[in-house]
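Please take a moment to look through the model before reading on.

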Amino acid sequence: MSHVPTSTEEIVRDYLAARSMVTTLKAFEHECSFVKDANYQVDRCIDEMTEAIDKHDVDTLCAMWESWNARVFHSLDAEGIKQAQGYEASAYRLFLVRCVQKKNMAKCNEFFRKMSSLTLNNPQWTDWFSFPYNHHAKDSEPFRKYFDKTWIEIYYVSLHNFLSTSIASVSPSVIGTIVEGIARDPIRTDQMDFDDDLIDDFAVIAQCSAPVKRGHSKPSLRTLLKSLTSSKKPSSSTD
């Protein structure tokens, strides 16, 4: 009996190999070698965020929060979403503090220009428009705490815990749900409907992959999954 993948990681690996997406497969393997557990992933996220703040990289910082909002925090309840928005606002304010400390006014202006949809006509950001020009901001409200090293440390620990909890509550993807179903009951796989939502899980993979050589067949994900799962079904024998 041929091996049937029983984890999402295996399915993705087999799918990339079947479609000759060599470059993407190598990148996927590289990423998997570093991802040990959820805590490691959160540690890396926090490190990347602090690096973006230290390097005054507003694009990376905003992209990270957009990704977290879309992939992690969207499934939280109203109170959880409100907490996430608070952490996000604090991250942006730490970014502005860092820019001011390094006398990088251009990056402060870039932030307000690119984040106008968040900051304009928002009472929570009104005071911050004058922040870059306030020479006594370190000793003034509401800016004081963002200069406090103890508060900053507590913020990162709290954000780490919030991220870990939020990630643990995220619903599994369509592909993950199907793989779990295959592992539990392979005989019912032929009744599964591999609809367009399943293909969406691989949209980014397909866009990032190298083109397949001419003459090579390109099995669809639907066909691949059915062929993989059918190999685990008991074959009927005749006397």
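**Two helices side by side**

The axes of helix H5 and helix H6 (residues 105-114) come within 8 Å and cross at roughly 155°, where axes are lines fitted to C-alpha atoms, for helices over the stretch in contact, and angles run from 0 to 180 degrees between N-to-C directions. H5 and H6 are therefore roughly antiparallel to each other, since angles under 35 degrees count as roughly parallel, over 145 as roughly antiparallel, 65 to 115 as roughly perpendicular and the rest as oblique. On the side of H5 the contact (heavy atoms within 4.5 Å) is made by Tyr-92, Phe-95, Leu-96, Cys-99 and Val-100, and on the side of H6 by Lys-107, Cys-108, Phe-111 and Phe-112. These residues divide into 8 nonpolar, no polar and 1 charged, if Ala, Val, Leu, Ile, Met, Phe, Trp, Tyr, Cys and Pro count as nonpolar, Asp, Glu, Lys and Arg as charged, and the others, Gly among them, as polar.

This is a predicted model, in which local features need pLDDT of at least 70 and side-chain atom pairs count only at pLDDT 80 or more, while totals for chains, interfaces and linings use all residues. Residues are numbered from 1 along each chain as its sequence is written, and side-chain values use heavy atoms, with hydrogens and water left out.

Helix H5 itself covers residues 78-101, and its 24 residues reach 35 Å from the first C-alpha to the last, close to the 34 Å expected at 1.5 Å a residue, a span found as 1.5 Å times one less than the number of residues. H5 is followed by Lys-103, whose phi is positive, near 55°.

Tyr-87 and Phe-162 are both buried, that is, under 20% relative accessible area, with exposed being over 50% and partly exposed in between (1.4 Å probe, protein chains only).

Taken as a whole, the chain has 12 helices and 0 strands, where helices (H or I, at least four residues) and strands (E, at least two) are DSSP runs, numbered from the N terminus. Buried residues make up 35% of its 239 residues.
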